[in-house]
Amino acid sequence: MVIFVASLVTSCDTNDQGDIVRRAILHGLASSDSISLDFAGVSNVTSSFVNSALLDLSPDFDLATIKSRVQIKRVNRQIGTMIKDRFNSEARAKSIQTPSK
């Protein structure tokens with residue numbers, strides 16, 4: 001299943017826009033093992049958007065599952081870097097919160 005971000009939201013700037021995309025991802029993952037999130041026609045994203053669209057999936061899926069089931073397609077450098085940086089930051093934060101055994 002392919003989700004075209006530009007067909008869901010007019011821009012990728014706000015938490016509300018991220019929530020719209022997150023709901024589409026959840027719907028897609030409910031009926032498919034994996035989805036492609038296609039950013040064709042999107043020139044930039046904010047950290048607020050990425051947090052709401054992708055990282056807020058974490059109550060339903062761990063980060064490794066999100067990475068394996070959601071493929072990111074047709075991104076420019078800014079979008080790719082923002083998504084990567086937010087995932088890395090979240091992974092670091094979760095590793096700090098989890099006490100080692």
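Which residues are exposed on the other side of H5? I started my notebook with that one, and the reply is Arg-77, Lys-84, Arg-92 and Ile-96. A reminder to myself before going on: this is a predicted model.

**Entry 1: helix H5**

I checked the length of H5 first. The helix runs over residues 77-97, and its 21 residues should span 30 Å at 1.5 Å a residue; I found its end C-alpha atoms 30 Å apart, which agrees. Next I listed its buried residues, which are Ile-79, Ile-83, Arg-86, Phe-87 and Glu-90. They sit on the same side of H5, because the arc they cover around the axis is only 95 degrees. I also looked up what they pack against: helix H3 (47-53), helix H4 (63-69) and strand S3 (70-73).

At the N-terminal end of H5 I found a cap. Asn-76 provides it, with a side-chain oxygen 3.1 Å from the backbone nitrogen of Gln-78.

I then stopped at Thr-81, which has its place in H5. Its relative accessible area is 38%, so I noted Thr-81 as partly exposed. A polar atom of its side chain lies 2.9 Å from the backbone oxygen of Arg-77.

**Entry 2: helix H2**

Buried here are Gln-17, Gly-18, Val-21, Arg-22, Ala-24, Ile-25, Gly-28 and Leu-29. Viewed down the axis of H2, these buried residues fall within an arc of 165 degrees, so they line one face of the helix. On the other side I noted Asp-16, His-27, Ala-30 and Ser-31 as exposed.

What do the buried residues of H2 pack against? My list reads strand S1 (2-4), helix H1 (5-8), S2, H3, H4 and S3.

I turned to the nonpolar side chains with a general thought in mind. In soluble globular proteins, nonpolar side chains tend to be buried together. In this model the largest nonpolar core has 26 residues, and those with the most contacts inside it are Val-5, Ile-25, Leu-37, Phe-39, Phe-49 and Leu-54. The elements giving two or more residues to this core are helix H2 (15-31), strand S2 (35-38), H3, H4 and H5. H2 supplies the largest share, 4 residues.

I followed Leu-54 in detail. Apart from neighbours within four places in sequence, Leu-54 is in contact with Ile-25, Leu-37, Ile-66, Val-70, Ile-72, Ile-83 and Phe-87.

**Entry 3: Ser-36**

Is Ser-36 buried or exposed? I found Ser-36 buried, with a relative accessible area of 12%. Its place is in strand S2. Not counting residues up to four places away in sequence, Ser-36 touches Met-1, Val-2, Ile-3, Gln-71 and Lys-73.

**Entry 4: salt bridges**

My count came to 3 salt bridges, and I went through them one by one.

- Asp-19 with Arg-22: the side chains meet at 3.3 Å, N to O. Both residues lie in helix H2, 3 residues apart, about one turn of the helix. Arg-22 is buried, at 17% relative accessible area.
- Arg-74 with Asp-38: the closest N and O atoms are 3.0 Å apart. Arg-74 counts as exposed at 55% relative accessibility, whereas Asp-38 is buried at 7%.
- Glu-90 with Lys-94: the side chains meet at 3.6 Å, N to O. The two are separated by about one helical turn, because they are 4 residues apart in helix H5. Lys-94 counts as partly exposed, at 33% relative accessibility.

**Entry 5: back to Arg-74**

I returned to Arg-74 for its backbone. Most residues other than glycine have a negative phi. Arg-74 is not a glycine, yet I read a positive phi of about 45 degrees for it.

Key: Residues numbered from 1 in each chain as written. Predicted model: local features only at pLDDT ≥ 70, side-chain atom pairs only at ≥ 80, totals over all residues. Heavy atoms only, no water. Expected span 1.5 Å × (residues − 1). Buried < 20%, exposed > 50% of the residue type's maximum accessible area, 1.4 Å probe, protein only. Arc of directions from axis to C-beta. Contact = heavy atoms within 4.5 Å. Polar contact = N/O pair within 3.5 Å; in protein donor to acceptor, adjacent residues only side chain to side chain. Core = buried A, V, L, I, M, F, W, Y, C linked by side-chain atoms within 4.5 Å. Salt bridge = Lys/Arg side-chain N within 4 Å of Asp/Glu carboxyl O.
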